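Notebook, open page. I went through the coordinates and wrote down what I looked up.

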Amino acid sequence: MTVPSNYTAYLAPLGFEKQLKAELKNIKAIYDRLFVCSGMTQTAYWAQDIWYDAKFIPITSITQAANTLKSLGRNWNNYSFTLHRRSSLIEELLPKYKGIKVLTFPVSWELISKETFGAWTLVEQNLMFLAAKTANPVYHGEYHFAENKIDPPSRAYLKLWETFTRLRLSPGTNERALEIGAAPGGWTWVLSELGCQVHALDRSPLSQSLMENPRITFLKGDAFNYTPEKSRHTYDWFFSDMICYPEKLWPYVASWLNSGKVKNFVVTLKFQGEQHYQAISSFAQVPGSTIIHLFHNKHELTWVKLQ
């Protein structure tokens, strides 16, 4: 088998293989959710993890495969899509991972940034595909948290926990945040717990405990009617996890972006179908911004713009 010496591989979130495939170029092989591409590393919004400088390596035995991996690094993630028994036998010979498997928020980035993972998979009986370096310091980009199943009014809070963990940044005490489409208050709860002063805007009220929280000012009404021109405030952060077509959301977000009244933005782009993907480019073209698919996102992308 004659192959180039290295590739970049992109792991799709479960169920979003089609989206990742559509945005990648130079695809040379597909292994279930793993797309192997030649050429330079590509922008891949729908990738859950990225394998850098990945290589095909022939193996002669289970022991030789394990020794090859151990010679290249200590911590390895096995992406097993076929040959599961043979893969598990190799995995049994590798050092056991002793680091953090479930994150506690707020996460000390210093702790997880020390973790480096390689990733590997068997593509044939005697052929292994591996990368000694991957994009994320957690297993295949899966950000698992010790969940709070009592206080948050919805599970949406996990998206914001993951966002702040991946950014290595979160709002500080007494920073002012505007959240549109806030009800029932999953994100508002996170922000208030971080000590923010939150202006939460929605037609429907937040959960009762949040309505009584002194850090939260509830503004009842249509989010799109609360424009920068009508606001007396400036904000450190703008948040939106609102159900809204992204092409409708973009002009409103852009008005705050251009107003100079907001420093940082975290916005969920929610899609009902592929016809709404065209709006991604409007957000992507904002200088200094980034778009990612969180592990806790569904048919969504998260757009972030930091000052």
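I looked up Val-138 and got 7% relative accessibility, so Val-138 counts as buried (buried is under 20% relative accessible area, exposed over 50%, partly exposed in between, with a 1.4 Å probe and protein chains only). The model is predicted, so I kept in mind that local features need pLDDT of at least 70, that side-chain atom pairs count only at pLDDT 80 or more, and that totals for chains, interfaces and linings use all residues. Residues are numbered from 1 along each chain as its sequence is written, and side-chain values use heavy atoms, with hydrogens and water left out.

Val-138 sits in the loop between strand S8 (133-134) and helix H5 (157-167); helices (H or I, at least four residues) and strands (E, at least two) are DSSP runs numbered from the N terminus. Leaving out residues up to four places away in sequence, I found Val-138 touching Asn-77, Leu-103, Phe-117 and Tyr-143, where contact means heavy atoms within 4.5 Å. From Val-138 to Leu-89 I noted 49 residues in sequence and 22 Å in space, C-alpha to C-alpha.

Next, aromatics. I searched the whole structure and got 30 aromatic pairs; rings of Phe, Tyr and Trp (its six-membered ring) pair if their centres lie within 6.5 Å, with planes under 30 degrees apart stacked, over 60 edge-to-face and the rest tilted. Phe-16 and Trp-46 are stacked, because their ring centres are 5.6 Å apart and their planes at 20°. Phe-16 is in the loop between strand S1 (7-11) and helix H1 (17-23), and Trp-46 in the loop between strand S3 (34-37) and strand S4 (49-58), so the pair ties together parts 30 residues apart in sequence. I noted Phe-16 as buried at 14% relative accessibility, and Trp-46 as buried at 3%.
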